[in-house]
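Hi everyone, thanks for coming.

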Amino acid sequence: RCYILSNENGKIQLSLRQSRLNPKSNSKVEDVEITCIKDVKKGQLVRGYVKSITPSGVFFGLSTSLLGRILFQNVSPYFVQKHSLYEKYLPEGKLLTAKVLSVNGKEKHIELSLLPEDTGMPSVLPESLGLPRYDTEEEKTEAADSEKREELKLKTKQRRGNSESEQVIAFEIHRSCCLPPSIHFPLLQEAKPKKRKMNTTADEYDSGIEVYYREKEDGDQEEEAAKKKSKVMKPGEAPRLQVSMGFTWDEDVNAMDIPVLNQKEESSESEEEEDPQLKVKKQTKKEKELEKQKKEKELCKLEAALMDPSRQPQSADDFDRLVLSSPNSSILWLQYMAFHLQATEIEKARAVAERALKTICFREEQEKLNVWVALLNLENMYGTEETLMKVFERAVQYNEPLKVFLHLCDIYANSEKYKQAEELYQTMLKRFRQEKSVWLKYASFLLKQGQTEATHRLLERSLKALPTKEHVDVISRFAQLEFRFGDPEHAKALFESTLSSYPKRTDIWSIYMDIMIKHGSQKEVRDIFERVIHLSLAPKKMKFFFKRYLDYEKKFGTTESVLAVKRAALEYVETKSSLADT
């Protein structure tokens with residue numbers, strides 16, 4: 001049943017909503033129907049389908065007439081360079097949950113988000129891809145920059161504090177001395193031309209002893225301006241001398257005859273002494289070329305190994321590459337699950353199965369069913385009865401129920417859970433009583449358990465439940481099962497009774513012959529062939545049986561028996577030709 005929304009220009013729009021099919025029902029509506037932009041509010045969680053992916057973002061269908069846009073930065077917390085990656089994980093028609101970020105009623109624009117922190121759902125791109133995140137990269141760079149700035153400021157302040165203390169000590173010594181500094185330090189006057197460039201007013205009124213120091217890193221412009229201002233002294237003071245070391249009265253004057261050091265050279269030498277490990281030996285051009293060739297060879301080997309079709313995947317990354325290249329192949333997904341099960345990673349195997357069910361295209365019904373059966377096997381072996389029933393109920397909803405029931409019966413039988421299998425077969429006989437395969441499957445199960453009497457009663461029940469046109473085929477199939485797992489004599493009786501009622505069913509004769517050739521004696525087989533060649537059947541069918549009889553005698557008989565079959569065939573042809581003449 002479905003509800004017709006519109007019928008325009010030869011296009012019919014349908015709806016399967018339960019609220020439309022059964023408007024009187026009071027069941028809770030999971031997704032409220034959105035008919036216009038007024039039904040959408042900021043902060044609302046909505047479900048919809050992926051319509052298309054363009055360079056401007058992902059377009060998201062909220063209804064048949066309303067679209068929303070999702071910017072790429074709001075699709076996933078991971079940074080993606082190639083937008084083609086979105087097409088793999090966001091195929092057209094995929095059902096997703098999104099959050100409304102903004103609604104523009106005038107321009108009819110709706111901005112949405114698929115981020116996990118907004119929707120509460122997992123990211124649309126798996127973490128196993130190893131993509132960088134937006135937030136972590138920015139935080140790391142900002143933290144590193146702030147730490148460097150703080151460290152530089154602390155070092156600058158320490159150096160400035162030491163230099164200022166030296167200036168104060170030198171200045172006090174100078175004030176305590178009566179004689180002018182030029183008498184005590186005649187040679188230091190030659191160092192004046194090496195002063196750093198300053199304002200002329202500062203040079204005229206400069207006095208005292210000035211200690212040169214070097215800042216390891218340049219400070220802020222404000223700190224440099226304050227430093228220059230501090231060097232400008234009042235005009236009444238004596239001019240300062242420039243020295244490169246601390247002032248002492250005890251040392252000889254000649255000991256002070258040391259040129260002003262080049263601060264940049266000194267600092268660079270000290271840095272080289274402190275960090276010798278920073279020196280990197282320069283490679284020659286030949287060494288660089290050899291290293292480049294070595295890397296290229298390693299890459300070629302790796303690519304050749306990955307391209308080898310016979311190579312078995314060894315890690316989760318190998319399986320991820322395989323399923324990305326063939327997302328609809330259930331064999332690869334099952335191998336991926338088995339890989340995790342070998343490492344006893346049950347939860348990861350479950351996650352792979354759920355990922356496969358979401359990834360495989362909905363048109364590939366058999367591939368999806370294979371994954372459901374594997375998940376049922378997993379829950380039967382490693383889960384509980386409750387988890388198995390939950391997966392079974394989901395599988396019945398998404399697949400043909402009969403197939404799922406039959407697969408679960410096989411799982412129970414293979415794991416020797418005969419009681420659960422018996423209960424499930426009884427449920428199937430009530431729910432699918434018109435299905436011939438259910439009766440035959442249950443008969444096979446009973447015969448394997450050695451319950452031949454129960455199988456005979458089941459045959460009677462099946463003939464009552466199934467339509468008359470199916471009776472001959474059902475009896476034949478029950479007889480074949482009896483030959484394989486039950487009583488051969490009862491199977492012969494079933495075939496004989498069927499052929500006596502339907503002697504012209506050549507298909508039943510052929511099946512009976514094949515089974516007797518495998519399980520019966522040569523005398524029994526020859527008796528069946530003799531009965532068949534004396535039936536009044538169509539010439540084509542008679543020719544088929546004569547040919548089979550002749551082939552059997554050539555393989556298992558003698559020359560006399562072969563000649564006897566040929567004579568019987570000639571007699572049949574002559575009688576037919578004589579009848580045709582008359």
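Let's start with the second largest pocket: sorted by class, its lining has 12 nonpolar, 14 polar and nine charged residues. Before I go on, please keep in mind that this is a predicted model.

The volume of the second largest pocket comes to about 1200 Å³.

And where does the second largest pocket lie? Its lining takes residues from both domain 1 (1–30) and domain 2 (35–129), so the pocket lies between the two.

Next stop, threonine 119. You'll find it in helix α3, which covers residues 116–119. Is threonine 119 buried or exposed? It is buried, because its relative accessible area is 9%, and buried means under 20%. Leaving out residues up to four places away in sequence, threonine 119 touches Leu45, Thr97, Ala98, Lys99, Ser113 and Leu114. A polar atom of its side chain also lies 3.3 Å from the backbone nitrogen of methionine 121.

Not counting residues up to four places away in sequence, its contacts are Leu388, Ile411, Tyr412, Ser415 and Lys417. With lysine 417, the side chain of asparagine 380 makes a polar contact of 2.7 Å. Isoleucine 411 is 31 residues away along the chain, yet its C-alpha atom is separated from that of asparagine 380 by 7.9 Å.

Finally, a word on backbone angles. Most residues other than glycine have a negative phi. Which value does phi take at threonine 344? It is near 55 degrees, which is positive, and this residue is not a glycine. Threonine 344 sits in the loop between α11 (330–342) and α12 (346–359), and it is exposed, with a relative accessible area of 63%.

Glutamate 416 also has a positive phi, about 65 degrees, without being a glycine. Its place is the loop between α15 (401–414) and α16 (418–431). Glutamate 416 counts as exposed because its relative accessible area is 60%, and exposed means over 50%.

Notes: Residues numbered from 1 in each chain as written. Predicted model: local features only at pLDDT ≥ 70, side-chain atom pairs only at ≥ 80, totals over all residues. Heavy atoms only, no water. Helix = DSSP H or I, 4+ residues; strand = E, 2+ residues; numbered from the N terminus. Buried < 20%, exposed > 50% of the residue type's maximum accessible area, 1.4 Å probe, protein only. Polar contact = N/O pair within 3.5 Å; in protein donor to acceptor, adjacent residues only side chain to side chain. Contact = heavy atoms within 4.5 Å. 1 Å grid on protein atoms, 1.4 Å probe; cavity = no way out; pocket = protein on both sides within 12 Å on 5 of 7 lines; lining within 4 Å. Points joined across faces, edges and corners; volume = space filled by probe spheres on them. Nonpolar A, V, L, I, M, F, W, Y, C, P; charged D, E, K, R; others polar. Domains from an automatic or database assignment.
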